[in-house]
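The following report looks at one residue and its surroundings, and then turns to the chain and its covalent cross-links.

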Amino acid sequence: MNPTKKSCTGALLWWPPLLALSLNACSTVGPLGAESFTLKGELPADFALKAQAHYGAAGNCDGRSQTKTFKADFDSQPHEYRFRIPVNYRDGTCDLPLARVGLFINARYGDKDWQQTYDNGGLTIVDQLPEGAPAFRADGTLAKTAECSWLFQESKLNLEISKVLDCTNAGAYLTRDKLPNKTVNLSFKLKPEELPYRDNTWIKFPAGWKPCLPKEGWQGCQDPPVFKTYRNNNRECTIYPNCTE
């Protein structure tokens, strides 16, 4: 009798004898079991977040890897995000444990396409926590707050103000064996005060920041400072953020 084998859909298929001996499992990619953890938190207005889970090879599965992406879109109001991230993935007969979760923190400061930027963070999966790294609490949660700032500068074409997003503390170390069914609460807070992207290129006054001419061959201000104007939103300005004093 010709050998038969069930396909991944459950149908009976005919297989050549040699091939039937070599194939002993359907090739599938999906979560392994029900083990997962929750990544959640709060995002400021006009922020979005993408989390990319990376699953590495283990055992005799060298060279294999998988990624799974989770997204929280922009909102004009402060909003929450919540991702349920598997701890393991299966690719055929290979078990792929979670190695890390990359975080892409997106933010926009205007309606134009170029008025959007990002910073990075991440969750690193380890066997043992580094010294000083916080552990999960008794209730199974780990809470952290990332602080983000807008860093302003003149655009390279000196036509408008452009901004760079800078987020600190946007990540954590997580122990592999304690991760299933845990909750990581990572919230993002935007500082109200903006700062210059480069030190000693703008000087602070009670009404705001004034740009100054650099020293010859340097980016820093002359001493004593010589102030200049800049352009923003088609206006000639002397101070940031209010343009005029």
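In this predicted model, Lys-68 is partly exposed, because its relative accessible area of 30% lies between the limits of 20% for buried and 50% for exposed residues. Lys-68 belongs to strand 6, which covers residues 66-72. Leaving aside residues up to four places away in sequence, Lys-68 touches Ala-51, Gln-52, Ala-53, Tyr-55, Pro-86 and Tyr-89. For one of these, Ala-53, the C-alpha atom is separated from that of Lys-68 by 5.2 Å, although the two residues are 15 apart along the chain.

The chain contains one helix and 19 strands, and buried residues account for 38% of its 245 residues. Of the contacts between residues at least 6 apart in sequence, 62% join residues at least 24 apart. The accessible surface comes to about 14,900 Å², with 49% of it belonging to carbon and sulfur atoms.

The structure also holds three disulfides, listed here with their sulfur separations.

| Disulfide | S to S distance |
|---|---|
| Cys-148 and Cys-167 | 2.1 Å |
| Cys-212 and Cys-221 | 1.6 Å |
| Cys-237 and Cys-243 | 2.1 Å |

The link of Cys-148 and Cys-167 is right-handed, with 110° about the S-S bond; this pair links distant parts of the chain, with Cys-148 in strand 11 (residues 141-154) and Cys-167 in strand 12 (residues 161-168), 19 residues apart. The link of Cys-237 and Cys-243 is left-handed, with -90° about the S-S bond. Both Cys-148 and Cys-167 are buried, as are Cys-237 and Cys-243. Cys-212 counts as buried because its relative accessibility is 4%, and Cys-221 counts as buried at 3%, the cut-off being under 20%.

Note on methods:
Residues are numbered from 1 along each chain as its sequence is written. This is a predicted model: local features need pLDDT of at least 70, side-chain atom pairs count only at pLDDT 80 or more; totals for chains, interfaces and linings use all residues. Side-chain values use heavy atoms; hydrogens and water are left out. Helices (H or I, at least four residues) and strands (E, at least two) are DSSP runs, numbered from the N terminus. Buried means under 20% relative accessible area, exposed over 50%, partly exposed in between (1.4 Å probe, protein chains only). Contact means heavy atoms within 4.5 Å. Accessible areas come from the Shrake-Rupley method with a 1.4 Å probe; for residues, only the protein chains shown count as cover. A disulfide is a pair of cysteine sulfur atoms within 2.5 Å.
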